[in-house]
Amino acid sequence: FYHIHDLRRIRDTLDFTTACTIGTSLVHSKLDYCNSLYLNLPAYQLDRLQSIQNCLARTICRTSKFSHITPTLQSLHWLKVRERIEYKVLSLTYNAIQFQQPSYLSELLTIQPNTYNTRSSTAITLKRPSVVRAAVVKRSFFHCAPAMWNSLPLAMRLPAPVETGKVVALSESQFHSLLKTHLFLKSFPP
């Protein structure tokens with residue numbers, strides 16, 4: 001909030017693009033730093049982070065604190081905090097599957113073999129770990145990444161031809177573009 005307050009003081013002297021760049025670099029960098037650790041935090045704690053993003057959006061777009069924030073976030077094309085966390089986890093999952101990097105995460109993921117000939121069997125599906133009752137384990141990458149990955153649309157999980165040496169058919173830029181679009185529509189349904 002300290003950086004947002006400073007940005008609000010000088011906002012009248014900045015154009016929209018500059019204000020957006022400054023706000024993104026100062027505040028979003030802090031919100032996004034290690035945000036995959038916030039996976040499955042209670043809603044009230046994620047709402048505190050969301051309020052910071054909302055305040056930043058109001059400052060950049062010069063909207064009233066009483067106006068609804070959804071159109072402002074949509075116009076900035078920002079994902080909400082929950083979806084930003086999902087984006088980070090799914091991006092790490094893609095890298096672990098496609099490039100086996102980082103190795104400590106790729107060791108946690110297992111691609112489920114296709115045993116049936118159905119439409120969904122053509123997609124890459126990750127094996128989900130056995131059910132554990134401990135709440136801490138349910139918040140781990142090992143437990144949540146396969147569930148998130150398997151919930152992606154089939155078009156994002158298609159396998160690459162064997163001769164390419166890749167696992168997923170989409171390139172990194174294509175995957176991230178489709179992932180942001182998917183999560184944006186999840187944040188702001190039409």
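Is Arg82 buried, partly exposed or exposed? Arg82 is partly exposed, at a relative accessible area of 35% (buried is under 20%, exposed over 50%, and partly exposed in between, with a 1.4 Å probe and protein chains only).

The model is predicted: local features need pLDDT of at least 70, side-chain atom pairs count only at pLDDT 80 or more, and totals for chains, interfaces and linings use all residues. Residues are numbered from 1 along each chain as its sequence is written, and side-chain values use heavy atoms, with hydrogens and water left out.

**View 1. Salt bridge between Asp47 and Arg82.** The closest N and O atoms of the two residues are 3.1 Å apart. A salt bridge is defined as a side-chain nitrogen of Lys or Arg within 4 Å of a carboxyl oxygen of Asp or Glu. Asp47 belongs to helix H3 and Arg82 to helix H5 (residues 81-98), so the pair ties together parts that are 35 residues apart in sequence. Helices (H or I, at least four residues) and strands (E, at least two) are DSSP runs, numbered from the N terminus. Asp47 is partly exposed, with 40% relative accessibility. Across the whole structure, the search finds five salt bridges.

**View 2. Salt bridge between Asp6 and Arg9.** The N to O distance is 3.2 Å. Both residues are in helix H1 (residues 2-10), and because they are three residues apart, about one helical turn separates them. Asp6 is partly exposed at 23% relative accessible area, whereas Arg9 is exposed at 59%.

**View 3. Salt bridge between Asp12 and Arg62.** Here the closest N and O atoms lie 3.9 Å apart. The pair links distant parts of the chain, 50 residues apart: Asp12 is in the loop between H1 and helix H2 (16-32), and Arg62 is in the loop between helix H3 (43-61) and helix H4 (70-76). Asp12 is exposed, its relative accessible area being 68%, while Arg62 is partly exposed at 49%.

**View 4. Contact of H1 with H3.** The two helix axes come within 10 Å and cross at roughly 10° (axes are lines fitted to C-alpha atoms, for helices over the stretch in contact, and angles run from 0 to 180 degrees between N-to-C directions). H1 and H3 are therefore roughly parallel to each other (angles under 35 degrees). Ile4, Leu7 and Arg8 of H1 meet Ile52, Cys55, Leu56, Thr59 and Ile60 of H3, where contact means heavy atoms within 4.5 Å. By class, this contact has six nonpolar, one polar and one charged residues. Nonpolar covers Ala, Val, Leu, Ile, Met, Phe, Trp, Tyr, Cys and Pro; charged covers Asp, Glu, Lys and Arg; the others, Gly among them, are polar.

Key: Angles under 35 degrees count as roughly parallel, over 145 as roughly antiparallel, 65 to 115 as roughly perpendicular and the rest as oblique.
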